[in-house]
Structures are given as C-alpha cells and as structure tokens.
Amino acid sequence: MSMNQQTQGLTEPESAGGTGGAAPGRRLRIALLAGEPSGDTLGANLTEEILRLRPDAEIFGITGPLMEKAGCQMVRSIDELSVMGFAEVLKKLPSILSLRKFITSYVTEERRPDVLVGIDAPDFNLYVEEKAHAAGIKTVHYVSPSVWAWRQKRVFRMKRALDLVLCFLPFEKEFYDRFSLRAEFIGHTLADEIPLENPMAPARETLGLTQSGHVFALLPGSRSAEVGYLTPVLLDAACRLKKKYPDAEFAVPLVSEKRKAQFLEMLRRFPERELIEKQLHLYDRRARECMQAADLVILSSGTATLECMLVGRPMVIIYKVSPVTELILRMILKTRTYGLPNLLHGEKIVPELVQRECTGANAAAEAERILEGGGRNALLGEFRRMHELLRKNAGRKAAESIIRLAEGA
C-alpha cells in the first residue's frame, strides 16, 4: 500500500502555530519530557549533543537517571510515567494526570523554555505539547509515533501541537509532508550504535556456541502474550530445523526471569523437547549478541526486526495475536506489511508469517529457503544499504534541529 493510498480520505482541520524562540547567542532554555526507559536513553544522548553545541544551555524536564547524569535537570522523575499494562495504567491514572497538569503549568507559566521536546510517549506528551504550543512555545516531538500505520487522524492534532517532528525513518517524513507538518528525517540511533560489520565468531565464542555448526536465534518477544503464542511455533520450527541440520544450536534471549520461566514451562510441555532441549541455550537479554551469532533469526515482529537488519542477519518474522485483537488490528492498521525492513524497503523482502500462516512448519521452510537459496547475499546487501541510509548521527542532527528552531530558523 502506497503512502498516498494510506492517507486518502483524511481532511485537515485548522491548525495553529507557535511564536516562541530565542535570539541567536542567548542562553537557550530547553525542556525535555521523557516517558519511559527508552526515552531516557534518547534524552541522555540528546542532552549530551545539545551541550556539545551549546555548553551553556539550560536543560530540564521529566528525566531518568541517564538524562540527569548527562546534564538534564530533573524536575520530575520518569518513574512517574513509566508504566506497562492496562491495569497498571488505570491504577496510576490519577497520578499521571496530576503530573501532566503540573508539568504543563510549569513549562507554560513558571519556567517557559525556548523549546519543549516531547520524547516518544505521545499519549502524554501531545497534550503538554499542544498546551505549550498554544502558549507560544516552540514544540518538537522526538521519535514519530506510528501515526502512518494506525490512528492516522492524530496527525491533525500533531499539526496543532507541534512545530517539528523528528523522524527516525524516511517514510515517516514522507507521510508528514503530505499534511504540511514540518518533519525532518534524522536517521536512527540504532543505526549509529550498531557497526556496519558484525562478525559471527566473536559472538559465538562469548555465548559458548558452536563455531562450525548452524546457529539459529529464536526471539519470542518481550510480552507474556507474545511468548505464549510464539514459543510453540519457535519450538516446532527448531525441531524441524534440527532434523534438517543435525549440528544446529539455538540461542534464545529472554527479557526477564518471568519470561524465562514462562518459556521453560512451555518447553517442559512440548512433545518433542528431547530432540532440541540440549541444544537450546537461554540467555538473560543479550538479544543482539544472539542475532550476531546466528546464521538466521526467527523473531517476533517489532523493533527487534530493525535491530536484526542492522546486525546484518537474515530473518523470518512471525506474529500471532488473539482472534479479537486480530479483528481490531485489521480494522485500524493501514499497512500491509509489518516488519520494519519491509516497510523501509517498500517491498516484502523478509518473510512475514502472521496468524494462520504463523506455524513452525512455515517458519522452518522459510528459514531453509533463505539458507539454501541463492538470494541471501542480495538480501544482506539490501540490509547494508538501508543501514547506511539510517546511519546519520541521529542524536547530533536532532540537537542541531532543536537549536535551529529555538533560534527562530
């Protein structure tokens, strides 16, 4: 589906514009609002880059420990916003709304910044950004929400709330351009972080895996539901691959002790576990090392697919949800592909096995086709090209864009 097709039927209501900004050479005052640990990482890098360019800048906001260490003054802690799960959000909703009210008043009345930057967390930050923008403060959203994929009408609220969106992916800027919302493609921080070359042997040695045999990385996801739906698929695929490649070993990174216990319980109940049990190597996190060690990765759809592409390993993307969730997703999603490598490329170059197609037999067959076929080198060449496209020193470019906006550019 083209970006034009995705945006058909959307009409634009009236929008407003901010008028704030600092005079060139004056000390800048910048507010950063992070909402979760990943935002703390992004915010810390952004703080460092702003201070490299403008060492006298005054930076403050909702921060985590990394941002504070980098030089961003903590007004309120990221822990007040960092919640997961519907029940936990409901439980903490009064305190979240209280924080939102406080920080909105703080930035619009008590300590007006030249620029306010919401780092991800759009459900929280867009409200604050909208109020700040209406009060004449320049506003930036750092990391585009997936508005191009679902809930597209949010773009009109973003136009009311924002002077600038900083995009990790080029097709995000293309989407915003269609609605005359100023956006800049700055590259992706992961592409800067991950080297262009990622040799296999050191990772295998570190993880205690075979140097000469086949290694498959199996990533069932980070959420309980994902692990529940995908573990049987991965175990079935592993058994089939073991029969095809008797020397095969399997690297399984798990994000927490809870997910590890869940995986082990499902393995205990798996009928053919004896075929692969001794070749299953479980690790606490270490997903990138497992990818680097692998000949091929079978993984849950999500950001991990981008990471796998940047590491330079072929992959098979799998995903399953409940029938009710599937029905809802079919109604709201505007994309026909899900994996970020495919979205970046514009065509399905990586297999995606979703819902009824998501079986161990299909995953193993796709893995064999990639390993035995002749297209592996061409695929990895495309991965390298896209890595280079995204490798732009995103943190520095974000800082430069924010400072230009603050100075009225």
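What follows is a chat about its strands, helices and selected side chains.

Q: What kind of model is this, and how are residues numbered?
A: This is a predicted model, where local features need pLDDT of at least 70, side-chain atom pairs count only at pLDDT 80 or more, and totals for chains, interfaces and linings use all residues. Residues are numbered from 1 along each chain as its sequence is written, and side-chain values use heavy atoms, with hydrogens and water left out.

Q: How many helices and strands does the protein have?
A: There are 19 helices and 13 strands. Both are DSSP runs numbered from the N terminus: helices are H or I with at least four residues, strands are E with at least two.

Q: What share of the protein is buried?
A: Of 409 residues, 52% count as buried. Buried means under 20% relative accessible area, exposed over 50%, and partly exposed in between, using a 1.4 Å probe and protein chains only.

Q: And the accessible surface of the protein?
A: About 18,400 Å², with 51% belonging to carbon and sulfur atoms. Areas come from the Shrake-Rupley method with a 1.4 Å probe; for residues, only the protein chains shown count as cover.

Q: What about contacts between residues at least 6 apart in sequence?
A: Of those, 70% join residues at least 24 apart. Contact means heavy atoms within 4.5 Å.

Q: Let's do strands. Is S1 mostly covered or uncovered?
A: Strand S1, residues 29-34, is mostly covered, with five of its six residues buried.

Q: Which strands pair with S1?
A: S2, residues 58-63, runs parallel to S1 and is joined to it by five bridges. The chain gets from S1 to S2 through helix H2, residues 37-53, in a right-handed β-α-β crossover. Right-handed means that, with the strands pointing away from the viewer, the path from the first strand over the helix to the second runs clockwise. S1 also pairs with S4, residues 115-119, in the parallel sense over five bridges. Pairing takes at least two DSSP bridges between two strands.

Q: Which residues stand opposite each other there?
A: Arg29 faces Glu58 in S2. Leu33 stands opposite Gly118 in S4.

Q: What does S2 do with S3?
A: They pair in the parallel sense over four bridges. Gly61 has Met74 of S3 as its bridge partner. With helix H3, residues 65-70, S2 and S3 make a right-handed β-α-β unit.

Q: Back to Glu58. Buried or exposed?
A: Glu58 is buried, at 15% relative accessible area.

Q: What does Glu58 touch?
A: Arg27, Leu28, Arg29, Ile30 and Arg111, leaving out residues up to four places away in sequence.

Q: Where is Glu80?
A: In the loop between strand S3 (73-77) and helix H4 (86-110). Glu80 is partly exposed, with a relative accessible area of 25%.

Q: What are the contacts of Glu80?
A: Glu80 touches Lys92, Ile96 and Leu99, not counting residues up to four places away in sequence. Its side chain makes a 2.9 Å polar contact with that of Arg76.

Q: New topic: why is H6 called largely enclosed?
A: Because six of the eight residues of H6, residues 154-161, are buried. The cover on those buried residues includes helix H5 (122-134), strand S5 (138-142), strand S6 (164-167) and helix H7 (170-177).

Q: How many aromatic pairs does a search of the whole structure find?
A: Eight. One of them is Phe175 with Tyr176, edge-to-face, at 5.5 Å centre to centre and 80° between the planes. Rings of Phe, Tyr and Trp (its six-membered ring) pair if their centres lie within 6.5 Å; planes under 30 degrees apart count as stacked, over 60 as edge-to-face and the rest as tilted.

Q: Which residues form the aromatic cluster?
A: Phe156, Phe175, Tyr176 and Phe179. Phe175 counts as buried, at 0% relative accessibility. Tyr176 is buried too, with a relative accessible area of 0%.

Technical notes:
A polar contact is a pair of N or O atoms within 3.5 Å; within protein, one must be able to donate a hydrogen and the other to accept it, and residues adjacent in sequence count only if both atoms are side-chain atoms.
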